[in-house]
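Here are a few notes to read alongside the model. Please keep the structure open as you go through the points.

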Amino acid sequence: MAKFGVGQSLPRAEDARLLRGEGKFTDDLAPVNAVHMYVLRSPYAHARIRSIELTAAMQSPGVVGILTGREAGEDDLGGFPSLVPGTAPDGGPNFAPPFAVIAQEVARYAGEPVAIVLAETLNQAKTAAEHVVVDYEPLPAVSSLAEAASEGAPVVWPECPGNLDALGRFGDKEAVDKAFAAASSTHGVDVRISRVAVNPIEPRTALGEWNEAEGRYELTAGVQSPHTVRSQLAACVFKIQPSKIRVQALDVGGGFGLKGIPHPELALVIWAARKLRRPVRWSSDRSEAFLSDCHARDQTSRCEIALDEDAKILALRFDGRANLGAYLSLAGMHCAQGNIGHLSGVYTIPAIYAEVRSYFTNTVPIGAYRGAGRPEALILLERVVDAAAFDLGMDPADLRRRNLIQPEQMPYETGFQYTYDSGDYPVSQSKAEDAADWTGFEERRAEALQRGKLRGIGMGHVVEIAAGMMDEMGSIEIEADGSVTISTGFHNHGQGQETTMRQLVSEFLSVTPENIRVKPCDTDVQPFGFGSVGSRAAAVGGALIKTIAEKIIEKSKIVAAAILETESTEIDFLDGTFTAHSTNKTATLAEVAALAHQPMGLPQGMEGGLAHKQMSRPVGPTFPNGCHICEVEIDPETGLTEFVGYWVCEDVGRSINPMIVAGQMHGGVVQGLGQILGEFIEFNSEGQLQTGSFMDYQMPRAIDMPMINTISHNVPSPNNPMGIKGAGESGTVGALPAGLNAVCSALQPLGIRHFDMPATPSRIWKAIEEAGGLDAIGTQAASA
């Protein structure tokens, strides 16, 4: 283990500048002559645009231009496509309308752009927008899954009658039906997974410029995947070569999947910049974000399991409904059904059959959010396991233990899409149970009841796919002074990637972190990349950096041979020093780098410098996993839910920086528990957003969260040379089922078998009152 390398809990290098206010975010950029863009958005969830009158607005002070769907049509602007295909109910391809950058004839959700106003100041642009007169013809709207699926519901797209866009069928229906028919018992649960807003600390922002000399667009934006944004803008919106667009990301204040999805404003700022031949700035405010950021989750599903007489799972049946919103975002269909394989969970389930119906509604499109389909699948699985335990009067931990995949079965083919690489699920559960004092819970429940409180405990296993998406490119350059510059397609947006990338380089090249520079992600610097999504940066990046470093060391040995007067095959590299076997002469990496930058001193025909760039392909996906346990206490008089304890035993394969891994777990758990506690996006029947500010939308606060205790039981992955699995999303994926199971556990003594999120005080209080209050506990115990 190197002093600054893999396995060390080094302080985050990026924090020094960020905490001193020295970070550089997109909104900090204010080019000379830049104008501000204000987006005029549809007030209707569904309306035909008859006309737009701009005369008065154009005469408003400071206005330099207004663009609408008419100009977009004249310039043949396209939209962002869905990258995940689906199957229509008739068996053909699903209808996949591109995510429009500006409405041209019909607005399909409240908040869809209908015009952009460009002015010298933002206030001038806002004032002018009030004078834009749009003649709307309101149309019937559908704003929920229940409405979308109902007979005679308003249609979002004429090309998709009934609003049912895709029907995915997965697994073996015949085998599942047979298993259910032969089962000793069957158990089911209906779960509503609330729609949520992502709300990163830095709202979405963009700066568009037109480079007249080179004839190309330049976009600086807070995005997770600059290369993906460039390819979608080029191929689908502007229909030009990718080299005609440059995208760069500076500091980014949180992404969580939201900023991995191209949004309309990214296209609008560079389109306007070319039209005006001036830089164009845009930053979303929080109210605008609620209206226009892609939302997440929003599914209602039923899950059933069949058990034999020993409570072994024989089969699982799943029937899901997913809301797509008005358009298919880049990841919308992926969230609906792309991660359906997670229904296998950590259990041996011989047969699974799932159907997923995906519907259009007049709401902002659904996109990726920490987990992107994984929490939606696993919360159903873990809830039905708890429900079955309740029905049978079993300890939920015991029911899980009987069905866990064993470590000697790894790699384990689930028979339902995935083959798990490694893991020891029984040990993870055992460690989590011990840390949480699972066996002592009933005493704590009884003590709480004496105080007039309801106490519950919930367990949730997580296993999730990571690090399996796409190739990645990177480069390492060693300067003449021995310092190192690294560039990849990954981008830091709060998860400490600058630090971990430095640690990887330090591990392989023995360079101290302060002598390692990580370049911001820029398509002009690195021609290809897939970005920081899907918990892939550590595993894919670790393998990539290791490979590049080995190539540089190989070349360095040839240079070192000239210094050490021997053959390159006779040289070892260790701890930053090259040593000749026969003479014990040594040369440091810095000395070798200095010579490498003096071509006259190099062997004949050798290229100067020490640098290497290459593309790397993952061997296969990894599967981070863990066992989460959450404990809650509910006050029946107020309905207030308090998280009183949280424990997670995680398996990330190998930790580059254990402190950062723990931080990722903490952050992920908070986002999961936040959704359980109160996060909920709601529309009325006309498609109007009812939870459009932090006054209405309950974000988790520090005071709401418990102490989060993390334990590790890492089993290295065989699918990459570092053994790394990933850590970015499993905290959220595990927290949702563990948190909801804990709430349901607290309410079960009242005879309440299931309670849907969010656990707001009013909803909890109402459920308790309808069950008869605390007096119902004695009645339930007597009947049992």
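1. Let's start with R357 and its surroundings. Leaving aside residues up to four places away in sequence, R357 touches L164, A166, L167, D319, G320, R321 and A322, where a contact means heavy atoms within 4.5 Å. This is a predicted model, in which local features need pLDDT of at least 70 and side-chain atom pairs count only at pLDDT 80 or more, while totals for chains, interfaces and linings use all residues. Residues are numbered from 1 along each chain as its sequence is written, and side-chain values use heavy atoms, with hydrogens and water left out.

2. R357 sits in strand β15, residues 351-360. Strands (E, at least two residues) and helices (H or I, at least four) are DSSP runs numbered from the N terminus. Is R357 buried or exposed? R357 counts as buried because its relative accessibility is 18%; buried means under 20% relative accessible area, exposed over 50%, and partly exposed in between, with a 1.4 Å probe and protein chains only.

3. The side chain of R357 makes polar contacts with the side chain of D319 at 3.3 Å and with that of E355 at 3.1 Å. A polar contact is a pair of N or O atoms within 3.5 Å; within protein, one must be able to donate a hydrogen and the other to accept it, and residues adjacent in sequence count only if both atoms are side-chain atoms.

4. Next, have a look at the open sheet of 4 strands, with the order β21-β20-β19-β25 and mixed pairing. β21 (516-518) and β25 (610-616) are at the edges with a single partner strand each, so one side of each has no neighbour in the sheet. From one strand to the next, the twist averages 15 degrees. Strands pair if DSSP finds at least two bridges between them; β20 (residues 484-488) and β21 do so in the parallel sense over 3 bridges. V484 stands opposite I516 in β21.

5. Helix α15 (residues 497-509) packs on this sheet, touching β19 (472-478), β20 and β21, and its direction makes about 140 degrees with that of β21. Helix α16 (residues 537-564) lies across β19, β20 and β25, running at about 145 degrees to β25. Axes here are lines fitted to C-alpha atoms, for helices over the stretch in contact, and angles run from 0 to 180 degrees between N-to-C directions.

6. Finally, A129 belongs to helix α4, residues 122-129, and counts as buried at 6% relative accessibility. Not counting residues up to four places away in sequence, A129 touches Y38, L40 and V117.
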